[in-house]
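The sequence and structure come next.

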Amino acid sequence: MVFETLRRHVHSIAYWAYVSFMGILGAGVSQIERPATLWPTLVTLLAIIAGARIIGPEFASGTLQLVLVKPVKRCTYLVSRVAGVVLAVWLGAVVGLTGETVGRLVTGPVPWDALLSAFLFATIDAILVVSLLAMFGSFTRGYTNVELYIGIQIVLLMILAFARGKLPVWLATAIKFVQNNLFPDAPPAFDVDWLLLILSNAAIALVIACFAFSKREVPYGAD
Amino acid sequence: MADDSSGIHVRGLRKSFRIKGGDHEVLKGVDLDIAPGEVLGLIGPNGAGKTTLMSCLLGFLHPNGGEIVIDGRPNDDLDVRRRTGFVPERMNFDRRETGRAFLRYMARLAGIPAEAADERVQAMLTRLGIADAAEKRLSQYSRGMLQRIGMSQALIHEPQFLFLDEPTSGLDPNGVLLVRELIEEQKTRGVAVLLNSHQLAEVEKVCDRVLFLHGGVVAQAETLRHSGRFAVAITLLPDSFDAAEVARIAGNAVENGVVLASVETEADIAEIVRELAATGAGIIGVKRHTADLEGIFRGHA
């Protein structure tokens, strides 16, 4: 299933159009002094776009019901889908990194530390993004997972931006904690603690997703 | 050899849905059994709970009560699922895939090894008459072709339990005949088949038994054929026959000038007709006797 998910992406013209754009953009931003300027953001966006299709839309389309009668544990299916999407996103990240690397090789020295650190951030962050979308998708239909993902992010940002001073300290701290754990900013440099935090959060999201998906009812059709 | 636990067994199945704060009980204690090699038809009006029943059997819905046992195991057992095929009414899967890629994916999910999957896919595409469209995207398939691909994915791993929800919906007459043939093949293979359909004529042709589901319970059960036998209705000319002789030959009493005989082959019919004619009975007509499913429908409406 992991490779089936990957195969579906690499057979998609839209996927390659997006990834090619990332590569070209990577080469383009190599002219800018600051390394890894834009393509890592596109990697996260790719993770959102590709991850949005896990479970929820499959439920709505009827594909999920065909899968669930097969001898595959629901949790195995969900984790495999996440892994397949993450691999597809990583492939995109490689193209972005390659684009910028080639561009910088042509024009001057390559800031390897900064580039690889940004690549690592984008790829590890993609695991969290896709896991969260799978978690939201495990109990919603259609594209509600991505609506929740973006909606929560916006709400947290707005609360912190407009009501921070008016909130009790504990509440502001709690909101900041949730924001840092679910939607972390890139660290300024390579940071093992940060990587472990992201991976453990992704693992928690996957455990919740597996639990919710295993218990979920998936009716089809109607009488 | 089939034992008592082989096949599909359901006892006291109940399922409710929470609607607007209240519980709406859709299944109110359904019992059913499907033996290996038996085709059970499920009929009933819209809202009777047919799809809910099938969803419970397939593990899509969690029943509120009752028991589902398939070959002695719970219905969500992986070994049961390895031997289960399902054709949904609406084939709404990912239409960007080609027919071949979709079937290969389904074959792999069903546990068919990669090296055997391609061969099985080609065999199913050919058997279902869609080999020419194998490389087309499913979005380019007609509804009938999607039904065929749906049958293909359900049969590709040679299941022992087959759940069909309106499998002939959208099919042309050739497609309907093909599905009928496929169901007969599965029956011969010893597959337990549950067929949910509104097409009563089709149900009558392929099913051994029929359950009429109404208001969440089995309102009526009809046996259409038993152990390969079927019934013929022989209409006799009034006052031309000796009722006792006719009953001896046909095995049933004459009612309103019609006697029902249970036969296995066409030759049996000819033999009975010959024997009746020899007694001097005038025979007006001989036709296959079928359950009046429309009558059952109307009776419960």
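## A parallel strand pair in chain B

In this predicted model, strand S3 (residues 39–43) of chain B runs parallel to strand S9 (residues 209–214) of chain B, and 4 bridges join the two. Within this pair, Ile43(B) has Phe212(B) in S9(B) as its bridge partner.

## The sheet around the pair

S3 and S9 of chain B belong to an open sheet of 6 strands with mixed pairing, in the order S6-S7-S8-S3-S9-S10 (chain B). The edges are taken by strand S6 (84–87) and strand S10 (217–223) of chain B; each has a single partner strand, so one side of each is left without a neighbour in the sheet. On average, and with direction ignored, neighbouring strands of this sheet are turned by 15 degrees against each other.

## Helices on the sheet

Helix H5 (residues 143–155) of chain B packs on the sheet and touches S6 and strand S7 (161–165) of chain B. The direction of this helix makes about 170 degrees with that of S6(B).

Helix H6 (residues 173–188) of chain B also packs on the sheet, where S3, S7 and strand S8 (192–196) of chain B are touched. Between the directions of H6(B) and S8(B) the angle is about 150 degrees.

## Contact between chains A and B

In the interface, 19 residues of chain A are in contact with 32 residues of chain B. Helix H5 (residues 63–68) of chain A supplies the largest share of the side of chain A that touches chain B, with 5 residues. By type, the residues on that side of chain A are 10 nonpolar, 5 polar and 4 charged.

Methods. Residues are numbered from 1 along each chain as its sequence is written. Chains are lettered from A and ligands numbered from 1 in the order in which they are written. This is a predicted model: local features need pLDDT of at least 70, side-chain atom pairs count only at pLDDT 80 or more; totals for chains, interfaces and linings use all residues. Two residues are in contact if their C-beta atoms, placed from the backbone, lie within 7 Å. Ala, Val, Leu, Ile, Met, Phe, Trp, Tyr, Cys and Pro count as nonpolar, Asp, Glu, Lys and Arg as charged, and the others, Gly among them, as polar. Two strands pair if DSSP finds at least two bridges between them. Axes are lines fitted to C-alpha atoms, for helices over the stretch in contact, and angles run from 0 to 180 degrees between N-to-C directions.
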